[in-house]
Amino acid sequence: MKTELSKIRISMLPWPLPPGPPRFSVCHFCDTLHKAAPVPEGIAARCQCCGAVLYQNRPASLARASAFSLAALLLMVVVHLFPFLTLDAASLRRHLTLAGAAMALIEEGSPVLGCAVALFTIVTPLVLGGGLLYVCAPLLFGRLAPGAFRVAKWMHQSEPWNMVEVFLLGVLVSLLKLAKVADVHFDTGFWAFFGVMLCMAAAVAGIDRDELWDRMEVAKS
Amino acid sequence: MTPALSRAAACGLAGCQICGRVSPVALRRCPRCSSRLHLRKPASIERTVALMIAAAVLYIPSHLLPIMTVVELGDVSENTIIAGMITFWKEGAYPIAIVIFSASILIPFLKIVTLSWLCAAATGRVHPSPTVLGRMYWFTELLGRWSMIDIFVVGIVVSLMQLGNYMTITPGPGALAFAGVVVLTMLAAMSFDPRLLWDRLNELSAAPTPNPRNPTA
């Protein structure tokens with residue numbers, strides 16, 4: 001128990017420098033070359049030419065990313081167990097679930113749309129949250145999970161396709177659209193998904209991409 | 001006052017698109033994450049233009065064809081995106097009407113216009129002004145996903161409104177076309193390389209004034 005605690009403290013140490021010669025950092029926006037200098041916690045390094053953020057040193061980055069992605073994953077279980085909206089019309093009661101929205105599109109003759117909705121609201125959040133936890137939690141103990149590099153790659157590729165917050169706005173618009181034909185109200189799933197959105201944003205913003213990869217490289221060597 | 005900042009491409013260095021590590025482009029693959037290294041995104045302008053034309057073509061049927069078909073007590077009515085927006089406006093639900101208008105009509109249209117402008121600037125047809133164009137690029141990347149809202153609304157409404165003989169709603173062909181527009185414009189924005197704008201700007205600033213420190217050139 002004692003040894004575990006000391007390991008956690010080690011992982012709270014600042015952003016480690018990977019072995020080898022000093023690194024460069026390049027602005028993804030204007031391609032200006034910089035010497036990658038360490039920055040204090042909570043400070044962002046900006047491009048000298050265009051002012052875009054090069055990298056940021058987030059405080060307690062690994063702990064935050066792991067904790068928030070774990071919370072997001074747990075809330076995702078709640079999201080799939082409880083309905084988002086409940087509709088009462090003409091003595092009929094219908095529930096909306098996340099998988100239900102995708103399945104309805106598949107069953108009602110639009111399988112491509114159904115798969116797209118499932119991909120953007122179920123698969124990408126899972127890859128993003130699960131991947132972040134899978135990579136960051138072992139790094140807290142200075143270890144590298146098997147296949148972590150590949151998982152981190154998937155994570156970065158799936159990031160722009162994560163549409164949790166867009167779906168939430170969609171639920172609100174649908175609620176107003178249906179309110180005139182039926183009695184619709186929010187259910188547990190909606191609030192859980194709202195939590196997923198917040199936790200996911202906190203987890204992704206919790207650790208800088210460069211820091212994550214530097215830490216993975218240090219853990220590997 | 002400020003010394004000329006060197007650019008990575010001029011030194012033969014490329015930042016990895018996946019992990020961010022800067023390595024010589026001659027290595028071809030990133031030594032850290034083994035993704036392919038490129039100085040610039042390959043065929044950036046061509047890909048962006050191709051995807052954008054496809055999106056612009058699909059934009060027309062996405063608004064003309066119905067996104068939902070409503071069968072209410074035997075009556076069949078077809079809803080387009082614009083008709084849905086107008087209904088909200090007439091009912092006085094102005095914020096929702098504005099959200100739908102921006103997400104479904106304005107953003108895809110602005111994205112196509114913005115990307116055309118960016119491609120024109122990167123190939124030298126329009127003057128590239130990095131502060132304005134940078135904002136524009138950031139805006140297209142940030143707002144692109146929000147257009148998907150109408151597709152999610154169709155999914156949610158279809159899923160809830162399966163009320164047997166009383167009312168059923170099925171997705172229409174317009175929804176598929178519209179999802180195509182959103183995905184294609186997102187892919188187009190991703191394949192555009194903003195560094196091309198700066199390349200073009202450097203060419204422009206280098207061309208008229210010969211470098212005094214290097215008279216032989």
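Student: How much of chain A counts as buried?
Tutor: Of its 221 residues, 39% are buried, a residue being buried if 20 or more other C-beta atoms, placed from the backbone, lie within 10 Å of its own. Please keep in mind that this is a predicted model, in which local features need pLDDT of at least 70 and side-chain atom pairs count only at pLDDT 80 or more, while totals for chains, interfaces and linings use all residues. Residues are numbered from 1 along each chain as its sequence is written, and chains are lettered from A and ligands numbered from 1 in the order in which they are written.

Student: And which residues touch the most other members of the largest nonpolar core?
Tutor: They are A:Val196 and B:Val157, in a core of 119 residues; such a core is a set of buried Ala, Val, Leu, Ile, Met, Phe, Trp, Tyr and Cys residues joined through C-beta atoms within 7 Å. Domain 1 (8–39) and domain 2 (43–198) of chain B both give residues to this core, so the core lies between them, with the bounds coming from an automatic or database domain assignment.

Student: What is A:Val196 in contact with, beyond its neighbours within four places in sequence?
Tutor: A:Val196 is in contact with A:Ala72, A:Leu75, A:Met76, A:Val79, A:Pro125 and A:Val164, where contact requires C-beta atoms, placed from the backbone, to lie within 7 Å.

Student: Switching to the two chains, how many residues of each are in contact?
Tutor: On chain B there are 48, and they are in contact with 52 residues of chain A. The largest share of the chain B side, ten residues, comes from α5(B), helices being DSSP runs of H or I with at least four residues, numbered from the N terminus.

Student: Now α1 of chain B: which of its residues are buried?
Tutor: The buried ones are B:Thr48, B:Leu51, B:Met52, B:Ala55, B:Leu58, B:Tyr59 and B:Ser62, and what covers them includes α3 (94–122) and α6 (173–191) of chain B.

Student: What span should helix α1 of chain B have?
Tutor: Its 21 residues (44–64) should span 30 Å, and the end C-alpha atoms are 31 Å apart, which agrees; the expected span is 1.5 Å times one less than the number of residues.

Student: Last one, which residues are buried in α7(B)?
Tutor: B:Arg195, B:Leu196, B:Leu197 and B:Trp198 are buried there, and their cover includes α1, α3 and α4 of chain B.

Definitions and conventions:
Helix = DSSP H or I, 4+ residues; strand = E, 2+ residues; numbered from the N terminus. Buried ≥ 20, exposed ≤ 12 C-beta atoms within 10 Å, placed from the backbone.
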